[in-house]
Amino acid sequence: MLTLAALVADPDLELRVVVPGRDGALAGQVLWVHNTELPDPGPYVREHEVVLTNGLWLDRTEPADFVARVVHAGAAGIIFGLRVEQRDTPPALAEACREAGLPLLEISVAVPFTAVTRAAAAIQAADRQHALMSLVRRGDELTSALSRGAGASGVLEVLRREHELPLAVVDRMGRELASAGAGLDAGQTRAAAEALTRRPPPLEADLGAGTRAALFPVGAIGDADAALLCLRPVAELTRDERDALEQTARYLSLEVARHQAVQAIEMRFAVELLDMVLSGAQRVAEVPGRLRAFGVDPDGPLAVIALAFAGDDATLPGMAEAVTDFLLADGLPAVVAAGSRDVVAVLPFRSGRQSPAAFAPRLAAAVSHRFSGGRVVVGLADPVTGAAGLREPLSRSREACRVLRGRRGGPVAASFAELGSYRLLLESHDEQWRHTFADVLLGPLREHDRVRDGDLEATLRAFLDHDGQWAATAAALFVHVNTLRNRLAKVTELTGRDVGRTADRVDLFLALEAAQSG
């Protein structure tokens with residue numbers, strides 16, 4: 001790099017440092033050298049240039065004024081050329097440079113300014129050649145890393161061998177694909193993903209907690225698929241470091257494209273597997289081979305789970321990948337397929353912590369966290385032995401997931417058997433039907449309670465929750481049994497349903513459940 005220190009190090013130039021300037025000024029980058037004898041060189045000097053002068057302006061302006069104009073232009077320093085008529089650097093010039101913190105060098109009478117210009121050109125040419133050779137060498141190493149399957153991590157290691165930078169690769173879904181020398185938490189990866197959604201992506205991303213990262217888009221043909229993050233502000237990176245990061249980001253585009261292509265193939269195969277299972281005997285013979293391709297033993301005990309969001313959007317892009325990441329982190333191979341109404345996973349059934357019932361709440365929480373807190377529900381089914389029996393658990397887990405989606409509260413995970421037949425019956429109807437059914441039976445009770453500040457609906461619910469036991473219900477409500485009988489008699493009067501008859505109890509119970517689920 002062209003610097004004043006590099007010029008001083010050239011013995012042929014016979015340069016002497018008169019004023020070193022502020023700390024590190026001699027090592028600062030110099031863009032070029034500018035020869036001038038104008039009293040005000042400011043309009044013609046670029047920032048980070050060095051002013052070469054013989055001081056012919058000394059009889060027209062004061063050294064302090066000359067230095068002030070050079071400093072205002074942002075110059076990197078002054079080289080004063082001694083002449084036969086001016087054998088020493090003027091003390092006033094040295095003092096002005098010292099006060100301004102501007103480096104001042106002097107060059108002997110015997111060395112012309114053209115020697116400085118040639119030396120500067122030689123240094124810059126060497127820098128360009130070094131940069132080009134580094135580009136070629138780094139390109140060869142990056143190509144080698146990709147060709148031997150080292151992936152994104154291998155690509156980052158190539159860059160780290162040259163520059164000790166904290167690096168990470170994060171995709172649009174907020175997943176960390178690789179890292180080297182940097183540890184990002186979930187909040188930071190989400191912040192990086194959010195930065196990628198901007199048009200165009202920013203040069204720098206705020207990852208929170210005072211951490212800023214230079215951002216280099218990866219796969220940016222149209223939209224960026226991922227980003228190479230360097231956990232340093234852009235202003236702190238050298239030109240060489242920025243060049244290396246930009247080159248690495250271009251190579252990472254190849255790896256991200258390959259990764260996405262593999263994911264697309266796996267997803268297509270996973271969806272085809274579900275079609276095979278649902279086709280029954282027609283394609284059941286193909287299922288074992290497809291399971292083996294995903295590392296799942298088709299002859300062992302198998303489980304099926306179904307996930308969805310409880311809001312308007314049952315699934316979101318990247319949800320299947322989030323499920324896959326969780327299961328792989330738990331050491332569970334799985335076939336994960338995404339549809340419009342749920343994400344389904346077929347996996348080996350294991351007991352203990354790795355049983356679906358045990359990890360389902362953690363899975364729901366992990367997926368919810370990935371997608372900024374949306375409520376995730378998980379439908380379960382009893383395990384089966386062998387691939388031939390997958391059709392029933394597949395249907396039951398998806399049906400359980402659908403029922404859970406329709407409920408406002410309750411558990412985030414449940415099996416088909418746990419939900420109960422009456423819940424499945426209610427959820428087979430749409431929300432409007434459930435509202436209507438509940439309003440027809442419970443509307444008179446609610447109107448009575450509203451007008452008279454009564455508790456008929458709460459009393460009915462308590463009575464049914466206590467399986468029709470009078471004493472237990474009265475105790476729970478802190479009322480006398482006769483008061484309870486009077487309230488339930490009023491319920492019968494208003495609804496036309498007698499809580500003493502099984503059929504009428506069923507109607508009232510379903511109405512209460514419909515009201516709660518709607």
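Strands E3 (residues 49-53) and E4 (residues 77-81) pair in the parallel sense over four bridges; strands here are DSSP runs marked E of at least two residues, helices are runs marked H or I of at least four residues, and both are numbered from the N terminus. Two strands are said to pair if DSSP finds at least two bridges between them. Within this pairing, Thr-53 has Phe-80 in E4 as its bridge partner. E3 also pairs with strand E2 (residues 32-35), again in the parallel sense and over four bridges. There, His-34 has Val-51 in E3 as its bridge partner.

The model under discussion is predicted: local features require a pLDDT of at least 70, side-chain atom pairs count only at pLDDT 80 or more, and totals for chains, interfaces and linings use all residues. Residues are numbered from 1 along each chain as its sequence is written, and side-chain values use heavy atoms, with hydrogens and water left out.

How many residues of E3 are buried? Five of its five residues are buried, and the strand is thus described as mostly covered. Buried means under 20% relative accessible area, exposed means over 50%, and partly exposed lies in between, with a 1.4 Å probe and protein chains only. In a regular strand the side chains alternate between the two faces of the sheet. On one side of E3 are Glu-49, Val-51 and Thr-53, on the other Val-50 and Leu-52, and all are buried. The loop between E2 and E3 contains His-48. The phi of His-48 is near 70 degrees, a positive value in a residue other than glycine. His-48 counts as partly exposed because its relative accessibility is 38%.

With a relative accessibility of 44%, Glu-14 counts as partly exposed.

Attention now turns to strand E6 (residues 167-171), which is mostly covered, with five of its five residues buried. Leu-167, Val-169 and Asp-171 point one way from E6, while Ala-168 and Val-170 point the other way, and all are buried. Which strands pair with E6? One is E7 (residues 176-180), joined to E6 in the antiparallel sense over four bridges. The other is E10 (residues 226-230), which pairs with E6 in the antiparallel sense over five bridges. Ala-168 takes part on both sides: it stands opposite Ser-179 in E7 and opposite Leu-229 in E10. E6 and E7 form a hairpin with four residues between them, and Gly-174 in the turn has a positive phi of about 80 degrees.

Helix H15 (residues 456-465) is mostly covered, since seven of its 10 residues are buried. The buried residues are Leu-456, Glu-457, Thr-459, Leu-460, Ala-462, Phe-463 and Leu-464. Just after H15, Asp-467 has a positive phi of about 55 degrees. Helix H17 (residues 481-495) contains Ala-489. Ala-489 counts as partly exposed because its relative accessibility is 45%. The C-alpha atoms of Ala-489 and Arg-137 are separated by 90 Å, and the two residues are 352 residues apart along the chain.

The chain as a whole remains to be described. It contains 18 helices and 16 strands. Its radius of gyration is 38 Å, well over the 24 Å that the globule rule gives for 518 residues, so the chain is more spread out than a compact globule. The radius is taken over C-alpha atoms, and the globule rule is 2.2 Å times the number of residues to the power 0.38. Along its principal axes the C-alpha trace spans about 125 × 65 × 35 Å.

Of the 518 residues, 45% are buried. Among contacts with a separation of 6 or more, 61% join residues 24 or more positions apart, where contact means heavy atoms within 4.5 Å. The accessible surface of the chain is about 25,000 Å², of which 53% belongs to carbon and sulfur atoms; such areas come from the Shrake-Rupley method with a 1.4 Å probe, and for residues only the protein chains shown count as cover.
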